[in-house]
Amino acid sequence: MSTDTASGNRTEILAHVRKTLVELFDLDTADITPEARLYEDLDIDSIDAVDLVVELKQFTGRRINPDDFKSVRTIDDVVNAVERLMHR
């Protein structure tokens, strides 16, 4: 049984985040694991993070409060934050 994107399926959110990071920052898909740290492992800086949040806003169709992403450190944190947004 599969869940569509609108319901915030974690696997689909992770796939979208991975695709977005590859497209925006030319990262290697294999490096984008749930445990990967945005700043230390993927070399994403604060400007890149803003670009990511803007894209995730389009993906979710919801306003994203920057404070929701202040504590985000890993890819899994990003997936969790998007999942929370989609279930509001």
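**Loop residues**

D26 sits in the loop that joins helix 1 (10-25) to helix 2 (46-60). The model is a predicted one. The chain contains three helices and zero strands, and its pattern along the sequence is α-α-α.

- The phi angle of D26 is near 55 degrees, which is a positive value in a residue other than glycine.
- D26 has 71% relative accessibility and so counts as exposed, because the cut-off for exposed is over 50%.
- D43 also lies in the loop between helix 1 and helix 2.
- D43 is not a glycine, yet its phi is positive, at about 60 degrees.
- The relative accessible area of D43 is 64%, so D43 is exposed.

**Packing of helix 1 and helix 2**

- Two packed helices are described by the angle between their axes and by the distance between those axes.
- Helix 1 packs against helix 2 at an angle of about 135 degrees, and the axes are 11 Å apart.
- Helix 1 and helix 2 are therefore oblique to each other, because angles over 145 degrees would be needed to count as roughly antiparallel and 65 to 115 as roughly perpendicular.
- The crossing of these two helices is right-handed.
- On the helix 1 side, the contact is made by I13, H16, V17, T20, L21, L24 and F25.
- On the helix 2 side, D48, D51, L52, E55, L56 and F59 take part.
- Sorted by class, the contact of helix 1 with helix 2 has eight nonpolar, two polar and three charged residues.

**Packing of helix 2 and helix 3**

- Helix 3 covers residues 75-86, and its axis comes within 11 Å of the axis of helix 2.
- The axes of helix 2 and helix 3 cross at roughly 35 degrees.
- Helix 2 passes helix 3 in a right-handed crossing.
- Helix 2 contributes L56, F59 and T60 to the contact, while helix 3 contributes V78, V82, L85 and M86.
- This contact of helix 2 with helix 3 has six nonpolar residues, one polar residue and no charged residues.

**The chain as a whole**

- The radius of gyration of the chain is 12 Å, which agrees with the value near 12 Å for a compact globule because the chain has 88 residues.
- Along the principal axes, the C-alpha atoms fill a box of roughly 35 × 30 × 20 Å.
- Of the 88 residues in the chain, 34% are buried.
- Among contacts with a separation of 6 or more, 54% are between residues 24 or more positions apart.

How values were computed:
Residues numbered from 1 in each chain as written. Predicted model: local features only at pLDDT ≥ 70, side-chain atom pairs only at ≥ 80, totals over all residues. Heavy atoms only, no water. Helix = DSSP H or I, 4+ residues; strand = E, 2+ residues; numbered from the N terminus. Buried < 20%, exposed > 50% of the residue type's maximum accessible area, 1.4 Å probe, protein only. Axes fitted to C-alpha atoms, helices over the stretch in contact; angles between N-to-C directions. Parallel < 35°, antiparallel > 145°, perpendicular 65-115°, else oblique. Left-handed = near helix turned anticlockwise from the far one by under 90°. Contact = heavy atoms within 4.5 Å. Nonpolar A, V, L, I, M, F, W, Y, C, P; charged D, E, K, R; others polar. Rg over C-alpha atoms; globule rule 2.2 N^0.38 Å.
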